[in-house]
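Please look at the sequence and the structure shown here.

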Amino acid sequence: AHKGMNITEEQFGAIAGHLQSTLQQLNVPADIIGEIMTIAASTHDDIVEVKAKASIYDRIGGQASVNAAVEIFYGKVLSDPIVNGFFKNTDMKAQRAKQAKFLAFVMGGPEKWKGKNMKDAHKGMNI
């Protein structure tokens, strides 16, 4: 009966509050009000329409933002003498592309990750 009405959490709470105050105004005993409110609360998930939250990927601006983050990240990593040695024999263009695909995937982007899992990708690196 309520599908498509886009009833929000706030609206559901307001209606429930009005129901409770109406029952109180009619001098319905508190224990019966409690029972009625429990029944009303049980309808919550059928009435309130929760809109799916956009993915992190979409909320940060999509692939362009992921690519920018990867560029900034590797700029920092390659400037850091503590970790830059891990990349001395690495094709950084390919590495940046893999990292961008991986980050896009874990942030809910449209493409599935087809590369190695993190454990296998870093195997033998003594990290």
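Predicted model: local features only at pLDDT ≥ 70, side-chain atom pairs only at ≥ 80, totals over all residues.

Residues are numbered from 1 along each chain as its sequence is written, and side-chain values use heavy atoms, with hydrogens and water left out.

Gln-99 belongs to helix α6, residues 92-106 (helices are DSSP runs of H or I with at least four residues, strands are runs of E with at least two, and both are numbered from the N terminus). Leaving aside residues up to four places away in sequence, Gln-99 touches Val-70, Phe-73 and Tyr-74, where contact means heavy atoms within 4.5 Å. With Tyr-74 there is also a polar contact of 3.1 Å between the side chains. A polar contact is a pair of N or O atoms within 3.5 Å; within protein, one must be able to donate a hydrogen and the other to accept it, and residues adjacent in sequence count only if both atoms are side-chain atoms.

Gln-95 is found in helix α6 too. Its relative accessibility is 18%, so Gln-95 counts as buried. The side chains of Gln-95 and Tyr-74 are joined by a polar contact of 2.8 Å. Beyond four places in sequence, Gln-95 touches Tyr-74, Phe-87 and Thr-90.

Next come the rings. Rings of Phe, Tyr and Trp (its six-membered ring) pair if their centres lie within 6.5 Å; planes under 30 degrees apart count as stacked, over 60 as edge-to-face and the rest as tilted. By this rule there are 3 aromatic pairs. One of them is the edge-to-face pair of Tyr-74 and Phe-87, at 5.6 Å centre to centre with 75 degrees between the planes. This pair links distant parts of the chain, 13 residues apart: Tyr-74 is in helix α5 (residues 63-79) and Phe-87 in the loop between α5 and α6. Both Tyr-74 and Phe-87 are buried. The ring centres of Phe-102 and Trp-113 are 5.2 Å apart and their planes stand at 75 degrees, so this pair is edge-to-face. Phe-102 in helix α6 and Trp-113 in the loop between α6 and α7 (118-121) are 11 residues apart. Phe-102 counts as buried because its relative accessibility is 16%, whereas Trp-113, at 23%, counts as partly exposed. Ring pairs also link Phe-73, Tyr-74 and Phe-87 into a cluster.

What space is left open? The largest pocket holds about 520 Å³. A pocket is an open set of points on a 1 Å grid over the protein atoms alone, where a 1.4 Å probe fits, with protein on both sides within 12 Å along at least five of seven lines; lining residues have an atom within 4 Å of a point. Of the 19 lining residues of the largest pocket, Tyr-74, Gln-95, Lys-98, Ala-121 and His-122 lie nearest its centre. The largest share of this lining, 4 residues, comes from α6.

The second largest pocket has about 150 Å³ of space. Its lining includes Lys-98, Phe-105 and Trp-113.

Definitions and conventions
Buried < 20%, exposed > 50% of the residue type's maximum accessible area, 1.4 Å probe, protein only. Points joined across faces, edges and corners; volume = space filled by probe spheres on them.
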